[in-house]
Amino acid sequence: MAGLDVVFTRKRVRNINLRVQASSGAVHVSAPLRVERRQVEAFVASRLDWIEAARKRVLKRRASLSTELETGSFLPLWGQKYRLEIIPASKARIVLESQRLLMHTPADSSQESKQALLDAFYREQLVERLPDLMDLWQPRVGVQARECRIRRMKSRWGSCNIHKARIWLSLELAKYPPGCLEYVLVHELTHLLEPSHNRRFHNLVASVMPDWKNHKAVLNSGLSPV
């Protein structure tokens, strides 16, 4: 389709939707059941520049995530970079100290076990901040979510199960400036008022967070701030 390998599906949706998967750079297109394929192909062709830019961001982001977890590496946390120091210890934990992340871990720890420890640290950072952010933003948006959870997400910063009033946020958000986490939270809370990404949705987001585009631009850059 337009010279690209595209994963194409038909769904009960109103519009043609296009996204580039953040984990692989794969192009996914979904279209309403009755839209002709030539219309879909024309739409994809009209967005080739955007697709190319998005795929370049994916490659940069994947490169930024390939850092070896060794002493001297620099890791992102809340939009800042911290020097990693590996400290041999029997009890695995990470301590934030000034501009350093002290990773206490057994001397023979694999990269996989170090990454799991880092992921757990990022999760703790997010969980610590979320209660206050929920208390701040739910009244402003005018909704109440039943729960908000954290998980590793391959192609999204967040998601919302409207029927269960459940919000999921990406583990990656702990790497970005705090405003990015707040933007994604507001975005998903707003879906409890408006499921679609239509004009009403964006007006609702802007009414409570006028600078939301700035935070979205940071996330769309595809690079964690290392």
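Select L77 first: the bridge partner of L77 in β5 is Q80. This is a predicted model, where local features need pLDDT of at least 70, side-chain atom pairs count only at pLDDT 80 or more, and totals for chains, interfaces and linings use all residues. Residues are numbered from 1 along each chain as its sequence is written, and side-chain values use heavy atoms, with hydrogens and water left out.

Now click W78, in the hairpin of β4 and β5: two residues sit between the strands, and W78 takes a positive phi near 50°. Strands here are DSSP runs (E, at least two residues), numbered from the N terminus. β4 and β5 run antiparallel, joined by four bridges.

Next, show β5 (residues 80-88) with β7 (residues 100-105): these two run parallel, with six bridges joining them. Pick R83 and you'll find its bridge partner R100 in β7; pick I87 and the partner is H104.

Zoom out to see the open sheet, four strands in the order β4-β5-β7-β6 with mixed pairing. (Two strands pair if DSSP finds at least two bridges between them.) Which strands stand at the edges? They are β4 (74-77) and β6 (93-97), each with a single partner strand, so one side of each has no neighbour in the sheet.

Last stop: select R156, in the loop between β8 (147-151) and β9 (158-161).

Conventions
Two strands pair if DSSP finds at least two bridges between them.
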